[in-house]
Amino acid sequence: MLIKYLAEDDRPREKFLHKGKNSLSDSELLAIIMGSGNKDESAVELGRKILKSVNNNWHQLSLLSVKDLMKFKGIGEAKAISIATALEIGRRRAGQEIPERSTIGNSNDAYSILKNQLSDLRTEEFWAIFLNNSNKVIHISQLTHGGISQSIVDVRILFKTALDYFSTGIIIAHNHPSGSLKPSKEDMGITQKIKEAGKTLSIQLLDHIIVTQDSYFSFSDAGLL
C-alpha cells in the first residue's frame, strides 16, 4: 500500500520502514511513541502541538510531568507514561555513551560528561566523577537525590566510593533546578568539608560543578577551591 493511501497516524511508521529513522521529523517520532491522536487531530498533528508548547525542545518536554502531558486532548495516562519513558531511555542512553576512560582536562570536560544526567531534572541530585592520577575517569556515580532545593551528600559514602576505586581525584557535581548558577551557602560549606576530608586521605577535590539546563558553574574556574 502506498504511503499516500495510509491513515496519517500510520505514515510515520511506514516512513520509518521505507526511508529510515533519520528521515522522521520530531513530531513524527513523537507520533510513533503515542500511537494515535485524538478525534480532531492525527498523532502527527498532536505531536506537533505538544512540541510547539515546549518550543520544540526535547529537554523542555522531558520536564513535563505525566499530569502535564495529560492536559493535552488525546493524551491519557498510558500515552503520557510512554512519552516520559521514551525520554528517560534517551537520557540514560546519552549517559552510557561516555567513554569509560575519558580524560578530564578542564571543567567543560566534566560538564560534558554530567550534563545529560543533571541538566533537565526537577529535583537536585548529587553526582561524583572519580579519577586516577592521570585524570582519567574510573567511575561515575549518583550519590544522593533530594528535593527541589537541596540534595545533601554523605561525605563518608563519597570517600568510601573513592577508596573502593583507588581514586586519587574527585569532581563533585549537583544541579540547580531553579536555573541559578550562584552557589548557595550550603554549596560552599559542603565543598570545603569535602576538600578538607580529602586532604587526610590524599584524595584531591578537583572541582565542584553546578549544572543548570543550559550552563554550569565551576568552583575551580572561579578560584573557590
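Biologist: How many of the seven residues of strand β3 (residues 169–175) are buried, and what follows for the strand?

Modeller: This is a predicted model, and in it seven of the seven residues of β3 are buried, so the strand is largely enclosed by the rest of the structure. Buried here means under 20% relative accessible area.

Biologist: In what sense does β3 pair with strand β1 (residues 125–131), and over how many bridges?

Modeller: Those two strands pair in the antiparallel sense over six bridges, and within this pairing Ile171 of β3 has Ile129 standing opposite.

Biologist: In what sense does β3 pair with strand β4 (residues 204–211)?

Modeller: With β4 the sense is parallel, over seven bridges, and Gly169 stands opposite Gln204 in β4. Between β3 and β4 the chain passes through helix α9 (residues 185–201), in a β-α-β crossover that is right-handed.

Biologist: How many helices and strands does the protein have, then?

Modeller: The secondary structure comes to nine helices and five strands, and from the N terminus the elements run α-α-α-α-α-α-α-β-β-α-β-α-β-β.

Biologist: What share of the 225 residues is buried?

Modeller: Buried residues make up 41% of them. As for contacts between residues at least 6 apart in sequence, 59% join residues at least 24 apart.

Key: Residues are numbered from 1 along each chain as its sequence is written. This is a predicted model: local features need pLDDT of at least 70, side-chain atom pairs count only at pLDDT 80 or more; totals for chains, interfaces and linings use all residues. Side-chain values use heavy atoms; hydrogens and water are left out. Buried means under 20% relative accessible area, exposed over 50%, partly exposed in between (1.4 Å probe, protein chains only). Helices (H or I, at least four residues) and strands (E, at least two) are DSSP runs, numbered from the N terminus. Two strands pair if DSSP finds at least two bridges between them. A crossover is right-handed if, with the strands pointing away from the viewer, the path from the first strand over the helix to the second runs clockwise. Contact means heavy atoms within 4.5 Å.
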